[in-house]
Amino acid sequence: MLKVLVLTDFSSNYSRLMLEGMIRYSREVGPWAFLRMPLYYLMIKGESGVIDFAKKWHADAIIAQLRDVKVDLLEKLKIPIIVQNYRERSGIITNLTGDYYGTGLMAAEFFLERGYQNFAFYGYRNVIWSRERGLGYKERIEKQGYVCHFLENNNHDTTEWLYNTEIIAKWLQSLPKPIALFACDDYYAQQITETCNVFGIEVPDEIAILGVDNDTLLCNLSTPPLSSISLDIENGGYRAAKLLNQYLKKEIDEIPDIVIKPLYIENRASTNKYAVSDLHIKKIMNYINDNFSNKITVPDLVALVPLSRRVLEKRFKMLTGTSIYQYILNVRISHFTKLLLTTDLYLPDAAIKSGFDDYKNISRIFRKYKSMSPVEYRKLYKKN
């Protein structure tokens with residue numbers, strides 16, 4: 001029986017989903033024995049204590065969230081170790097990591113298409129998953145010619161960071177409005193909504209808030225419910241366990257880094273606004289989002305507002321950064337992607353529900369967005 005020591009924060013949705021993926025794979029090839037070790041053991045005993053315990057338990061492998069990886073200690077075990085990176089990625093040991101930068105890009109694109117011109121990020125500077133998400137967000141915003149305001153914890157030890165509503169409120173009140181705020185994860189996005197509720201800042205009218213992880217408990221506990229980026233976490237845990245098994249069976253010489261990708265945005269009430277002052281353009285955006293599954297033409301949209309086609313298209317692009325046609329396409333692709341991952345719909349039916357009447361056409365368009373076919377994307381990212 002394969003023995004795997006798992007050291008992580010089991011109170012987080014991210015870690016639980018990762019473990020679910022590992023368990024799913026172990027049931028296919030098992031039996032495996034998992035020993036869950038909470039992070040407080042690491043805090044009390046240190047990494048040397050974890051190493052000693054792994055030796056006593058005769059662990060075959062370790063999957064752990066380690067803040068400061070002591071390679072010399074880990075190498076003494078002579079067993080494979082996958083590190084859920086925290087401060088930095090390891091250059092020697094296998095990383096269970098994420099496309100953090102790409103997650104920031106996704107957040108930026110989401111807000112830009114909703115017409116925002118003011119942007120903010122709330123997170124940690126000394127942890128890689130927050131820092132790179134903020135960097136991706138900031139660089140995409142700056143590429144569009146806007147400024148991104150930051151509030152980050154700068155303490156060397158992130159455990160010392162205390163949630164201070166007065167500090168956060170002072171920063172939020174100083175920001176230009178309306179503003180699109182991207183938080184490093186759902187926990188910190190919820191801190192923003194709580195602070196806004198205490199200090200009378202309207203969400204999403206003044207501040208639209210987007211988190212990461214799509215932790216449904218945290219997102220629905222928030223007032224209003226939080227929008228969040230859903231990640232391929234469970235499949236990441238599955239891939240980690242599979243690669244670990246292949247390595248132990250000597251089918252592969254080393255375990256490559258496992259990169260967890262952002263998948264889609266679960267849009268809830270915290271971002272349910274468009275930051276465009278032009279009421280005609282806002283009407284067009286609302287119409288597209290309410291009717292994307294139906295046939296929509298530019299002449300249909302022109303008929304909704306007292307503007308010529310030329311003026312409408314010019315204003316729309318100026319306020320959203322994209323053309324009307326591209327905006328419709330983006331909305332439809334986003335919905336189609338979500339259906340691929342959250343339903344078992346026959347692909348042509350999913351295409352129709354997303355506003356595409358030709359599956360061959362959607363397959364071609366989808367490949368441009370995702371660099372793979374819808375079939376390949378579903379097979380790679382959908383939970384089994």
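I began with Thr320, which I found in helix α12, residues 309-320; helices here are DSSP runs of H or I with at least four residues, strands are runs of E with at least two, and both are numbered from the N terminus. I noted that this is a predicted model, in which local features need pLDDT of at least 70 and side-chain atom pairs count only at pLDDT 80 or more, while totals for chains, interfaces and linings use all residues. Residues are numbered from 1 along each chain as its sequence is written, and side-chain values use heavy atoms, with hydrogens and water left out.

Is Thr320 buried or exposed? I read a relative accessible area of 5%, so Thr320 is buried; the term means under 20% relative accessible area, with exposed meaning over 50% and partly exposed in between, for a 1.4 Å probe and protein chains only.

I then looked up the polar contacts of the Thr320 side chain, a polar contact being a pair of N or O atoms within 3.5 Å, where within protein one must be able to donate a hydrogen and the other to accept it, and residues adjacent in sequence count only if both atoms are side-chain atoms. A polar atom of this side chain lies 2.7 Å from the backbone oxygen of Phe316, and the side chain of Thr320 also reaches the backbone oxygen of Thr322, at 3.1 Å. Not counting residues up to four places away in sequence, I listed Leu112, Glu113 and Met285 as residues that Thr320 touches, contact meaning heavy atoms within 4.5 Å.

My next entry concerns Leu2, which lies in strand β1, residues 2-8. Leu2 has a relative accessible area of 15% and is therefore buried. Leaving aside neighbours within four places in sequence, I found Leu2 in contact with Pro31, Trp32, Ala33, Asp60 and Leu248.

I turned to the helix pair α1 (residues 13-29) and α9 (residues 233-248), whose axes come within 7 Å and cross at roughly 45°. Axes are lines fitted to C-alpha atoms, for helices over the stretch in contact, and angles run from 0 to 180 degrees between N-to-C directions. I therefore recorded α1 and α9 as oblique to each other, since angles under 35 degrees count as roughly parallel, over 145 as roughly antiparallel, 65 to 115 as roughly perpendicular and the rest as oblique. The contact includes Tyr14, Leu17 and Met18 of α1, and Ile233, Glu234 and Asn235 of α9.

Lastly I checked the backbone. Most residues other than glycine have a negative phi, and most peptide bonds are trans. Which prolines follow a cis peptide bond here? I found the bond from Val203 to Pro204 to be cis, with omega near 10°, and the bond from Thr223 to Pro224 to be cis as well, with omega near -5°. Pro204 lies in the loop between α7 and β9, whereas Pro224 lies in the loop between α8 and β10.

For positive phi I noted Asn214, near 50°, in the loop between β9 and α8, and Lys250, at about 65°, in the loop between α9 and β11. Asn214 counts as buried at 11% relative accessibility, whereas Lys250 is exposed, with a relative accessible area of 74%.
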